[in-house]
Amino acid sequence: MNKDDYPKAGLQRLFQKGADNFVLLHRNGKAVAFQSNQNGNVNIIDRQTDIDFSSTGLSLLDDGWKCVGPGLQYSGLFE
């Protein structure tokens, strides 16, 4: 990550459960649930808007998901 990515890193969080299941949250209220395999192929499961970043993140943690970083490599999924 270069220093230009630092502001972006504070805007989103990537959560993982199991080997292939991910949820990417953005502070602007967007969420993307997806699966990613060893080859890097991404399959989008669901997209949501109007989520609350903090409460959704806490709920994911309570449900056994692990925060694995900002997930900048998946930022394009929000588009």
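Asn39 sits in the loop that links strand S3 (31-36) to strand S4 (42-48), helices (H or I, at least four residues) and strands (E, at least two) being DSSP runs numbered from the N terminus. This is a predicted model, in which local features need pLDDT of at least 70, side-chain atom pairs count only at pLDDT 80 or more, and totals for chains, interfaces and linings use all residues. Residues are numbered from 1 along each chain as its sequence is written, and side-chain values use heavy atoms, with hydrogens and water left out. The protein chain contains 2 helices and 5 strands, arranged along the sequence in the pattern α-β-β-β-β-α-β.

- Asn39 is exposed, at a relative accessible area of 66%; exposed means over 50%, buried means under 20%, and partly exposed lies in between (1.4 Å probe, protein chains only).
- Between Asn39 and Ser59 there are 29 Å in space, C-alpha to C-alpha, for a sequence separation of 20 residues.

**Overall dimensions**

- A compact globule with 79 residues would have a radius of gyration near 12 Å, and the value of 12 Å for the protein chain agrees with this; the radius is taken over C-alpha atoms, and the globule rule is 2.2 Å times the number of residues to the power 0.38.
- Along the principal axes, the C-alpha atoms of the protein chain fill a box of roughly 30 × 30 × 20 Å.
- Buried residues make up 32% of the 79 residues of the protein chain.
- Of the contacts in the protein chain with a separation of 6 or more, 51% are between residues 24 or more positions apart; a contact means heavy atoms within 4.5 Å.

**The sheet**

- An open sheet is formed by 5 strands in the order S4-S3-S2-S1-S5, with antiparallel pairing; two strands pair if DSSP finds at least two bridges between them.
- S4 and strand S5 (66-69) are the edge strands, each pairing on one side only.
- On average, neighbouring strands of this sheet are turned by 30 degrees against each other, direction ignored.
- S1 and S2 are paired in the antiparallel sense over 6 bridges, and the bridge partner of Gln12 in S2 is His26.
- The hairpin of S1 and S2 has 3 residues between the strands, and Gly18 in this hairpin takes a positive phi near 75 degrees.
- S1 and S5 run antiparallel and are joined by 3 bridges; in S5, Cys67 is the bridge partner of Phe15, and Gly69 is that of Leu14.

- In helix H2 (residues 53-62), the buried residues are Phe53, Gly57 and Leu60.
- These residues lie on the same side of H2 because they cover an arc of only 60 degrees around the axis, the arc being that of the directions from the helix axis to the C-beta atoms.
- An α-helix has 3.6 residues a turn, so residues three or four places apart point the same way.
- The buried residues of H2 pack against strand S1 (12-17) and strand S2 (21-26), whereas the face turned away from the buried side carries the exposed residues Leu58 and Asp62.
- H2 lies across S1, S2 and S5 and runs at about 160 degrees to S2; axes are lines fitted to C-alpha atoms, for helices over the stretch in contact, and angles run from 0 to 180 degrees between N-to-C directions.
- The N-terminal end of H2 is capped by Asp52, which has a side-chain oxygen 3.3 Å from the backbone nitrogen of Ser54.
- Gly64 follows H2 and has a positive phi, near 95 degrees.

Notes
A polar contact is a pair of N or O atoms within 3.5 Å; within protein, one must be able to donate a hydrogen and the other to accept it, and residues adjacent in sequence count only if both atoms are side-chain atoms.
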